[in-house]
Amino acid sequence: MTDDSSRHERVRHHATPGASNSLAHWTTAKGPLRVAYNYVLVWLARIAPSLRLRRWFLRRLGVTVGPGVSWGLEATPDVFWPELITLEDHAIVGYDATVLCHEFLQDEYRTGEVVVGERAMIGAGAIVLPGVEIGADARVAANSLVTRDVEPGTTVAGVPARPMGGDDASGGVNDGSSE
């Protein structure tokens, strides 16, 4: 993770022709047979009964998967560019989380690598946008929308996700004691 860059600087822009939105041109961005193959593997990775099997499907998609990665049930990797996802050692992606490596817009589409650092955790239902780097030991709260990099050891929450105060051994959770 670099201090001076943001996800927007790491995302590649791809212009699309004509007046239609970029999603209308998806077949020129990625081959339909490859997307169909990816879709089947994504579906299998979402419902496989074991973590080992889920990791195997993710690797077949082209995701870089470190040892000990936990991919939650119903979690969804990018169907168009899964090869742009890196899950470092012992990362956790929670139930129904989504990791996107593309954005289809009106006049262009964008692609960007997503890196989930060692021992980082993404909560249930969270969405990570293209180009985001989540640092080692970082935590993303459930149902958050990650639009920016997450520094190592930081807890973020919300839409858009922002750092939570009090990152310490309690994970920033208020224990009810007064200060």
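Guide: Contact here means heavy atoms within 4.5 Å, and buried means under 20% relative accessible area, exposed over 50%, partly exposed in between (1.4 Å probe, protein chains only). Helices (H or I, at least four residues) and strands (E, at least two) are DSSP runs, numbered from the N terminus.

Visitor: What kind of model is it, and how are residues numbered?

Guide: It is a predicted model, in which local features need pLDDT of at least 70, side-chain atom pairs count only at pLDDT 80 or more, and totals for chains, interfaces and linings use all residues. Residues are numbered from 1 along each chain as its sequence is written, and side-chain values use heavy atoms, with hydrogens and water left out.

Visitor: Which residues of α3 are buried?

Guide: Val35, Asn38, Leu41, Val42, Ala45 and Arg46. They sit on the same side of α3 because they cover an arc of only 140° around the axis. That arc is taken from the directions from the helix axis to the C-beta atoms.

Visitor: And what is exposed on the other side of α3?

Guide: Leu33 and Tyr39 are exposed there.

Visitor: How many residues does α3 have, and how far does it reach?

Guide: α3 has 16 residues and spans 23 Å from first to last C-alpha, close to the 22 Å expected at 1.5 Å a residue. The expected span is 1.5 Å times one less than the number of residues.

Visitor: Which residues form the nonpolar patch on the surface?

Guide: Tyr39, Val40, Trp43 and Ile47, with about 420 Å² of accessible area together. Patches are made of residues with over 30% relative accessible area and no salt bridge; like charges are joined within 9 Å, nonpolar side chains (Val, Leu, Ile, Met, Phe, Trp, Tyr) within 5 Å. Areas come from the Shrake-Rupley method with a 1.4 Å probe, and for residues only the protein chains shown count as cover.

Visitor: Where is Ile47?

Guide: Ile47 belongs to helix α3 (residues 32-47). Its relative accessible area is 38%, so Ile47 is partly exposed.

Visitor: Switching to charges. How many salt bridges does the structure hold?

Guide: Eight. A salt bridge is a side-chain nitrogen of Lys or Arg within 4 Å of a carboxyl oxygen of Asp or Glu. One of them pairs Glu103 with Arg7 at 3.3 Å, N to O. Glu103 lies in strand β8 (residues 102-104) and Arg7 in helix α1 (residues 7-10), so the pair ties together parts that are 96 residues apart in sequence.

Visitor: Are those two buried or exposed?

Guide: Glu103 is buried at 15% relative accessible area, and Arg7 is buried at 7%.

Visitor: What does Glu83 form a salt bridge with?

Guide: Lys30, with the closest N and O atoms 2.8 Å apart. Glu83 lies in the loop between β4 (76-77) and β5 (85-87) and Lys30 in the loop between α2 (26-29) and α3, so parts 53 residues apart in sequence are tied together. Glu83 is partly exposed at 34%, while Lys30 is buried at 14%.

Visitor: Which residues are joined into one network?

Guide: Arg110 and Glu108 meet in a salt bridge of 2.9 Å, N to O. Salt bridges that share partners join Arg7, Glu103, Glu108 and Arg110 into one network.
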